Amino acid sequence: MLPQRMKKAVADNPKKLANLIDLVNLPSTVRDFVGQSQTSRLGCFMRVWSYIKSNNLQDPSNKNLVNCDDKLKSILLGKPQVELAELPALIRLHFPKEPK
Amino acid sequence: MGKIPPSFRSAVSTPFAARKPPRPPPSSLAAADSPKPLLHFPRKPARAPRKTRTPDSLPEPAPALPQLRSLFQSPDLSEAKKVFSSVVATSRSQLDPRLHNSLLQSYAAVASVRDSIALLNHMVKASPTFSPERSTYHVLLSQSCNAPDASLASVRQVLNLMVNRGVAPNQATADVAVRSLCSSGHEDEAVELIRELSSKQSPPDTYTYNFVVKHLCKTRDLSTAYNFIDEMRESLGVKPDLVTYTILIDNVCNTKNLREAMRLVSVLSEEGFKPDCFVYNTIMKGYCMLSRGSEVVGVYKKMKEEGVEPDLVTYNTLIFGLSKSGRVKDARKYLGIMVEAGHFPDAVTYTSLMNGMCREGNAIGALRLLEEMESKGCSPNSCTYNTLLHGLCKSRLLEKGIELYQMMKSGDMKLETAAYATFVRSLCRDGRVAEAYEVFDYAVESKSLTDVAAYTTLESTLKWLMKAREQGLAV
């Protein structure tokens, strides 16, 4: 039942969808990582996740952990190691809610 | 679909015709008494072919045809005339009228109605053997209706042309025009055209009529369709038939307006129609949507009483409805009855039943049913797998779920929203976040879901996971 409810929630709540896919001006740290001055939260997540995959940054003994390299550290609060589970939340930090 | 007559099939299989969007087959009076097609929803049977010649008697139009695609690229009339002359000059044998039609159609697709008519005139002048027949005008007509800025003016222009040339428009003409107008989104014009034609003593036949009703139901609200029916009844004496009622009942059932459906059924019997298998199936589907199992069985029993033989769709609907309302045992029983009656259960039947078992939490049973189904030579489809994946995850049989997912992945099957979400949640709950990410990747790659939908699910699941961890609940 949840997905249907969620679909409805997304449809009912265009703002929620908007803050996921609208292009946003990026702060300088993220801009350096992404290589663009604007991106959406979804685009940023995809970028970071594909960066992790292509550079084999997942911890070999526990795939749920990511060992950050310097470049990744610069956008993920400087943590040496992050969990995959907190990745969306960390990326969200760069996309603050717009004041009403 | 019904059987396609051989001569029509040959027309369809020419490379040129295959490229074009199929034009609606023109209706003919002969088809009015053709048998109903064996489909869930009433459709028009394949009509008597427009071209009455048999393939053997045709001269070979093959050499010219492959070039047709690229022939007319500009709507310029003089260019088109030159192209036509070159085609005439290069062909050895006498040209087939069909070739003329094809040429005209391919030109009309890019040019205006006026220019197309001009080209037709040029064709008639240039090749004296060619005399335009009704189908030639139908080509023009359907193109003039399909134009994005179609207006009744251009349709009238073609119709007047037909009358002036001594080819009276008939019901097939009306059918072509109305269908083309409807499929290009000009319903109002189509209705207007029917009014006009009716005032000229050529009311639409039942096929055209039902097509319009169905189209109005689909694209407009119900009252528009009712108004159309009332208008037709009052001004023309065209009464809705059994197919019309089936369309209407189907439509109101889809909007879960069962009270209106029941009213229609009672109107049906007042009008002296005896409901057939299609009507019963449609009503049954309506009850299924509301998960009212006992009413579903009631419809089945009524069918039996009235002596209407249930078909495969009836049984599938019945089993689906019973499974949905949690009466799997009964559903299983009807699977047996169905086989006894000589129907082969298909993937839909089994998937409905599996869905019911999964709802009961009996995912293992559903998995066993999959084996049974395969052993009977019925191959599961992606819906079957999605149902199973959903069910296995719900019953916390994650390992089996992963196994199934690997199978789906190797078969390039798409994930459905519900199955994806449940699977991702189960993986995360089990602390296998990396695998959840992998499933997310597969969902995006295989285009099962949009990026947004896939990500929203993943994000909210992870958010929930973090919260649960904070409270010391999950792993």
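Modeller: Let me start with how elements are assigned here: helices are DSSP runs of H or I with at least four residues, strands are runs of E with at least two, and both are numbered from the N terminus. On that basis chain A has six helices and four strands. This is a predicted model, so local features need pLDDT of at least 70 and side-chain atom pairs count only at pLDDT 80 or more, while totals for chains, interfaces and linings use all residues. Residues are numbered from 1 along each chain as its sequence is written, chains are lettered from A and ligands numbered from 1 in the order in which they are written, and side-chain values use heavy atoms, without hydrogens and water.

Colleague: Thanks! In which order do the elements of chain A come, and what does chain B have?

Modeller: Along the sequence, chain A reads α-α-β-α-β-α-β-α-β-α. Chain B has 25 helices and zero strands.

Colleague: Why is A:His94 called buried?

Modeller: Buried means under 20% relative accessible area, exposed over 50%, and partly exposed in between, with a 1.4 Å probe and protein chains only. A:His94 has 18% relative accessibility, so it counts as buried. You will find A:His94 in the segment after α6 (87-92) of chain A.

Colleague: How do you know which residues A:His94 is in contact with?

Modeller: Contact means heavy atoms within 4.5 Å. Setting aside neighbours within four places in sequence, A:His94 is in contact with A:Pro27, A:Thr29, A:Val30 and A:Ile75.

Colleague: What makes the A:Ile75 and A:His94 pair a polar contact?

Modeller: A polar contact is a pair of N or O atoms within 3.5 Å; within protein, one must be able to donate a hydrogen and the other to accept it, and residues adjacent in sequence count only if both atoms are side-chain atoms. A polar atom of the A:His94 side chain lies 2.7 Å from the backbone oxygen of A:Ile75, so the distance meets the cut-off.

Colleague: What makes the phi of B:Asp412 worth a remark?

Modeller: Most residues other than glycine have a negative phi. B:Asp412 is not a glycine, yet its phi is positive, about 55 degrees. The loop between α22 (398-410) and α23 of chain B holds B:Asp412, and B:Asp412 counts as exposed because its relative accessibility is 64%. B:Lys256 also has a positive phi, of about 60 degrees, and lies in the loop between α13 (242-254) and α14 (258-270) of chain B.

Colleague: Now the interface. How many residues of each chain are in contact, and how much area is buried?

Modeller: On chain B, 24 residues are in contact with 23 residues of chain A. Buried area is the accessible area (1.4 Å probe) that two parts lose on being put together, summed over both. Here that comes to about 2,000 Å², with carbon and sulfur atoms giving 69%. On the chain B side, B:Tyr437, B:Val452 and B:Tyr455 lose the most area to chain A, together 30% of what that side buries.

Colleague: Why is the B:Glu459 and A:Arg41 pair called a salt bridge?

Modeller: A salt bridge is a side-chain nitrogen of Lys or Arg within 4 Å of a carboxyl oxygen of Asp or Glu. Four salt bridges are counted between chain B and chain A.

Colleague: Which helices of chain B supply the side that touches chain A?

Modeller: α23 (417-429), α24 (433-445) and α25 (451-470) of chain B each supply at least two residues of that side. α25(B) gives the most, with twelve residues.
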